[in-house]
Amino acid sequence: MLRDGALAGKWALVTGAARGIGRRIAEVLAARGAGIVVADVMDEAESTAAEIGNEYGVNVLGYKVNVTDGEAVKGLFDELKGKCDGGVDILVNNAGITRDNLLIRMDETDWDAVLGVNLKGAYLCTRQAVRPMIKKRSGRIVNIASIIGMMGNAGQANYAASKGGLIAFSKSVAKEVGPRGVNVNAVAPGYIRTAMTDALSEEVREQMLLLVPVGRFGEVDDVAGAVSFLCGPESSYITGQVIRVCGGMLM
Ligand SMILES: NC(=O)c1ccc[n+]([C@@H]2O[C@H](COP(=O)([O-])OP(=O)(O)OC[C@H]3O[C@@H](n4cnc5c(N)ncnc54)[C@H](O)[C@@H]3O)[C@@H](O)[C@H]2O)c1
């Protein structure tokens, strides 16, 4: 974990940061000196923020917010203008859900829920975050997509559509705001070891691992490292790209 202070003086908002990949992203950005805003629909948003503040000695804020609620998202970003030097400098759209089913059994509720969080949520947060970034002539937006959004997956039509959409969204916004000093990229993880993958049977895990050339599941640190790179000064000439963090599963 880099502790170079490269993000000192900056504020980073990570959605879905109460646990899993999002939490690790928040920690890694905090380790580089960024102030952290944890925004999550779970009650643990505030306590997670406090824990990160204690561990890494940075300013933190925690908000329980549903990223699909346009009014709530606007309210959050309005408040952050006052608390985060005019607005956050880094936005990581990480909040995401799955509602897997074969298409013939996938009802509208499952479709709307996944598209709502994974795609509309990112749109709502990005639209609010980008204006202050344009004013500052500086900003980084990283969208957490998935290789499923590039290769598709049986039983995940809604999830694949949301993540493929998120990649196309990232490229479009990158073209709009590139001239204003804001870089927008996506990270596309493969199978990452989280509570979700831990719950799979040994047999299913072994089958899945056969598809991964490096022969292991990814760790949250693998994803957080790529996000850290895309938020730091070392990637200032990179925008509109998708970094696959998938152990070579998709080449
Ligand atoms: N785990 C993997 O293998 C994997 C692979 C590819 C992509 N991803 C993506 O990485 C991201 C994080 O996944 P994870 O494995 O850490 O999942 P997770 O379920 O552990 O974490 C997701 C977080 O998002 C929050 N969230 C859900 N709905 C929300 C809403 N409406 N508003 C605000 N917050 C909300 C949850 O409360 C949770 O804290 C997701 O976008 C996921 O699609 C994960």
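**View 1. Buried residues of helix α9 in a predicted model.** In α9 (residues 220–231), Val 220, Asp 222, Val 223, Ala 224, Ala 226, Val 227, Ser 228, Leu 230 and Cys 231 are buried. Buried means that 20 or more other C-beta atoms, placed from the backbone, lie within 10 Å of a residue's own; exposed means 12 or fewer, and partly exposed lies in between. That makes 9 of the 12 residues, so α9 is mostly covered. Helices are DSSP runs of H or I with at least four residues, and strands are runs of E with at least two, numbered from the N terminus. The model is predicted: local features need pLDDT of at least 70, side-chain atom pairs count only at pLDDT 80 or more, and totals for chains, interfaces and linings use all residues. Residues are numbered from 1 along each chain as its sequence is written.

**View 2. What packs against α9.** The partners of its buried residues are β1 (11–15), α1, β4 (90–93), β5 (139–144), β6 (182–189) and β7 (242–245). Contact here means C-beta atoms, placed from the backbone, within 7 Å.

**View 3. Helix α2 and its buried residues.** Ala 45, Thr 48, Ala 49, Ile 52 and Tyr 56 are buried in α2. They line one face of the helix, because they fall within an arc of 100 degrees seen down its axis. The arc is taken from the directions from the helix axis to the C-beta atoms. Their cover includes α1 (20–31), β2 (35–40) and β3 (60–64). Just after α2, Gly 57 takes a positive phi of about 65 degrees.

**View 4. The shell around the ligand.** The ligand is surrounded by 27 residues, each with its C-beta atom, placed from the backbone, within 6 Å. The closest are Gly 16, Gly 20, Ile 21, Gly 96 and Ile 192. The largest share, 3 residues, comes from α1.

Methods:
Two residues are in contact if their C-beta atoms, placed from the backbone, lie within 7 Å. The expected span of a helix is 1.5 Å times one less than its number of residues.
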